[in-house]
Amino acid sequence: MSLNHNQETTERHGSCNEVVKQLCESLSFNTDSPECNAIRRHLEDCEGCSNYRTSILKTIHLYKNYSVELDENTIDRLLQNLNLDEGCTPSTSQ
Amino acid sequence: MEEKELIEQAKSGDKVAMTKLVKQYAPTVYNFAFKVCRDKDRAENTVQETFLNMLKSFDSFDGNSKLSTWLYRIVTNNCMMEARKKRPDLYADFDTEESEYEATLPGVDLIPSADFENQELKAALDEAIKKLPYDYRVVFILRDIEELSTEETAKATNLTVAAVKSRLHRARAFLRDELTKRYYR
């Protein structure tokens with residue numbers, strides 16, 4: 001993978017390839033482990049990896065927020081098909 | 001009433017408890033099915049199949065995992081059966097477990113922010129994820145969208161933890177790459 005990193009960053013904090021792989025483990029870096037700190041430092045110095053992480057987070061955000069609503073008619077139809085429609089609505093148990 | 005109690009009642013045939021559980025979990029199952037299938041009609045059919053399976057095999061639910069994880073597993077099995085009927089050449093080529101997905105344009109961020117009035121963006125998201133093989137798609141959705149842990153995702157998909165991590169890494173990179181290429185003008 002040909003990430004746009006500077007040589008100095010790579011030498012100090014590990015290769016971009018390794019960083020990209022490690023990003024799979026945790027995108028938030030919420031631990032204080034030495035590996036996490038090394039990646040955090042690498043991202044601070046490497047614009048390519050930092051952009052990569054941002055675009056992965058955006059991708060996840062987009063898919064997370066693209067959702068659909070299940071309307072009441074569909075739920076009623078579902079209950080009917082499951083034979084759960086008559087006389088067994090939650091209110092009857094009160 | 002606690003969910004555990006509700007589940008016990010449903011397992012013993014109480015229709016009121018069953019109705020409550022179906023109503024409670026239908027939106028979650030529908031959204032998950034839609035995210036995997038990218039089609040509202042198929043998602044609705046999957047919801048029905050899932051709850052039919054749930055009611056038929058409730059006795060096999062041992063309560064060691066969350067009910068939602070068990071339901072995700074049923075949806076995943078339904079999707080996998082559907083996938084077997086499809087032509088595999090429709091999907092991106094992720095041939096071996098060890099091969100690395102080579103991202104193009106890795107150092108740039110061109111992906112737009114969320115604007116779901118934008119039909120082009122929705123189409124781009126649908127097109128990109130439809131190219132992913134089902135097992136990669138399901139792992140990405142369970143792990144990143146539904147926020148299951150790696151272990152829970154492994155359980156729901158019958159994959160090892162290592163296979164979940166590998167599929168997640170490649171699915172994320174592939175989707176990110178497809179969207180980046182789309183907006184690289």
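**Aromatic pairs, charges over rings and cysteines**

Six aromatic pairs turn up over all chains, counting rings of Phe, Tyr and Trp (its six-membered ring) whose centres lie within 6.5 Å, with planes under 30 degrees apart called stacked, over 60 edge-to-face and the rest tilted. This is a predicted model, in which local features need pLDDT of at least 70 and side-chain atom pairs count only at pLDDT 80 or more, while totals for chains, interfaces and linings use all residues. Residues are numbered from 1 along each chain as its sequence is written, chains are lettered from A and ligands numbered from 1 in the order in which they are written, and side-chain values use heavy atoms, leaving out hydrogens and water.

One of the pairs brings together Y66(A) and F34(B): the ring centres are 6.0 Å apart and the planes sit at 70°, so this one is edge-to-face. Y66(A) and F34(B) are both buried (under 20% relative accessible area, with a 1.4 Å probe and protein chains only).

Over in chain B, F58(B) and F61(B) make a tilted pair, 6.4 Å from centre to centre with 45° between the planes. Elsewhere, R137(B) holds its charged end over the ring of Y134(B), 4.4 Å from the centre.

As for cysteines, zero disulfides are found over all chains, a disulfide being a pair of cysteine sulfur atoms within 2.5 Å. C49(A) is buried at 1% relative accessible area, and C37(B) counts as buried at 6%.

Definitions and conventions: Buried < 20%, exposed > 50% of the residue type's maximum accessible area, 1.4 Å probe, protein only. Lys NZ or Arg CZ within 6 Å of the ring centre and 35° of its normal.
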